[in-house]
Amino acid sequence: MRKFKTACLGAGYFARFHLDAWQRCAAAHLVAIADLDPAKARQYGVSVFTSLEDMLGACRPDILDIIVPPAGHAAAIQTAIDQQINYVICQKPFCRNLAEAQEMTARAEAAGITLIIHENFRFQPWFQTMKAHLETGALEEIYQMRFTLRPNDGRGADAYLARQPYFQKMPRFLIHETAIHFLDVFTFLLGQPDSVYADLQQRNPVISGEDSGHILLGYADGKRAIFDGNRLADHAAENHRLTMGEGLIEGSGGSLYLNGFGEVFFRKNGAIEAECLLPRREWPGFGGDCVFALIEHITGQLSAGQMPVNTAREYLSLLALEEAVYDSAEQGRKLPVLKTG
């Protein structure tokens, strides 16, 4: 088995899930971490740098995993391009906006570098279970899907400060940082939508961006997808960050339900009892170990000479959908979703 020499930029809150996953991945060898605070990185037992340029020059990794906030993405990707790193993975949100993401995608492609976006929610085991059951045809004609986001972490003056304090300063927050995950899940499960209507709000005055709202996605065949998000509200769960909410897909043959414990149930149309497709369990890592699952997918595809999902070029269509959400909320009307790439 090929082992990819891997280096990571960032050792902050969410980077710990990446670093743990890389060290568990049989197809990877984590060799170095760069962070302005080297003390955060020393616990992983690899070489530590305070400069990305120095790390790449010293280690020459096969893969660079960029795990820093969006403001640092473009510069880090450019450094990887300049150093001719073959494979670059960039944490979402991908850059600060669609235009910047398009520019960095074009630069990476021109340099012959494979740029992949770390969009991991579709790799959560409950959405994988839902996808597999949809493909059996058991739901027959799909009517609609709904996800209610209720992480219960957005209240008060100290909202997000203990974990990811930059959340408070993001001018675009709920959609750009969080709902983008679920827009990807909707497209993973139902395909690309044709229209969007959005109504967004800011409920906590201490943050800069929106933190609640509704998105309605329309499809030409009549099905609908609804994102109903409020970061100040909760749902029934022991860990509100496991699923971050509850999901429901309904069709003429039955429905699939996801609860806050990571359980998935299928109930046939007209039935009272539901079949448990995915029971609750203790998952390592974050969100059902989706970071590890995505890293396993990426290294497996690259080893086989195939392209992973969520390449930067592919991801631009998701960022275009995000822009349509914000445009719809600003204009107060339904808008067509324009495909981009």
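Two residues are taken to be in contact when heavy atoms of one lie within 4.5 Å of heavy atoms of the other. By this criterion, among the contacts in the protein between residues at least 6 apart in sequence, 67% join residues at least 24 apart. The structure described here is a predicted model. It contains eight helices and 15 strands.

The overall dimensions were considered next. Along the principal axes, the C-alpha atoms of the protein fill a box of roughly 65 × 45 × 40 Å. For a chain of 341 residues, a compact globule would have a radius of gyration near 20 Å, and the value for the protein, 20 Å, agrees with this. Buried residues account for 57% of the 341 residues.

Helix H2, which spans residues 52-59, has Leu52, Met55, Leu56 and Cys59 as buried residues. These four cover an arc of only 95 degrees around the helix axis, and they therefore lie on the same side of H2. The partners of the buried residues of H2 are strand S1 (4-9), strand S2 (28-34), strand S3 (47-49), strand S4 (63-66) and helix H3 (73-82). Thr79 is located in helix H3 and, because its relative accessibility is 12%, counts as buried. Leaving aside residues up to four places away in sequence, Thr79 touches Leu52, Glu53 and Leu56; Leu52 and Leu56 are among the buried residues of H2. After H2 comes Arg60, whose phi is positive, near 45 degrees.

Helix H5 (residues 125-134) is largely enclosed by the rest of the structure, because seven of its 10 residues are buried. The buried positions are Pro125, Trp126, Phe127, Thr129, Met130, His133 and Leu134. These residues pack against both strands and a helix: strand S7 (142-149), strand S11 (245-251), strand S12 (254-258), strand S13 (264-268), strand S14 (275-278) and helix H6 (174-190).

Two packed helices are described by the angle between their axes and the distance between the axes. For helix H4 (residues 98-110) and helix H8 (residues 312-331), the angle is about 170 degrees and the axes are 10 Å apart. Since angles over 145 degrees count as roughly antiparallel, H4 and H8 are roughly antiparallel to each other. On the H4 side, the contact is made by Leu98, Ala101, Gln102, Thr105, Ala106 and Glu109, and on the H8 side by Ala312, Arg313, Leu316, Leu319, Ala320 and Glu323. Sorted by class, the residues of this contact comprise seven nonpolar, two polar and three charged residues.

Several features of the backbone were also examined. Most residues other than glycine have a negative phi, and most peptide bonds are trans. A cis peptide bond, with omega of about -10 degrees, joins Lys92 and Pro93. Pro93 belongs to the loop between strand S5 (87-91) and H4. The loop between S7 and H6 holds Asn152 and also Tyr160. Asn152, although not a glycine, has a positive phi of about 60 degrees. Tyr160, likewise a residue other than glycine, has a positive phi near 70 degrees. As to accessibility, Asn152 is partly exposed, with a relative accessible area of 29%, whereas Tyr160 is buried, with a relative accessible area of 4%.

Two arginine residues complete the description. Arg224 is part of strand S10 (residues 224-230) and counts as partly exposed at 33% relative accessibility. With residues up to four places away in sequence not counted, Arg224 touches Tyr143, Gln144, Met145, Leu190, Leu216, Leu217, Gly218 and Tyr219. Arg224 and Leu30 are 194 residues apart along the chain, and their C-alpha atoms are separated by 42 Å. Arg281 is situated in the loop between S14 and helix H7 (290-303). Its relative accessibility is 47%, and Arg281 therefore counts as partly exposed. The C-alpha atoms of Arg281 and Glu263 are 8.6 Å apart in space, while the two residues are 18 residues apart in sequence.

Definitions and conventions: Residues numbered from 1 in each chain as written. Predicted model: local features only at pLDDT ≥ 70, side-chain atom pairs only at ≥ 80, totals over all residues. Heavy atoms only, no water. Buried < 20%, exposed > 50% of the residue type's maximum accessible area, 1.4 Å probe, protein only. Arc of directions from axis to C-beta. Axes fitted to C-alpha atoms, helices over the stretch in contact; angles between N-to-C directions. Parallel < 35°, antiparallel > 145°, perpendicular 65-115°, else oblique. Nonpolar A, V, L, I, M, F, W, Y, C, P; charged D, E, K, R; others polar. Rg over C-alpha atoms; globule rule 2.2 N^0.38 Å.
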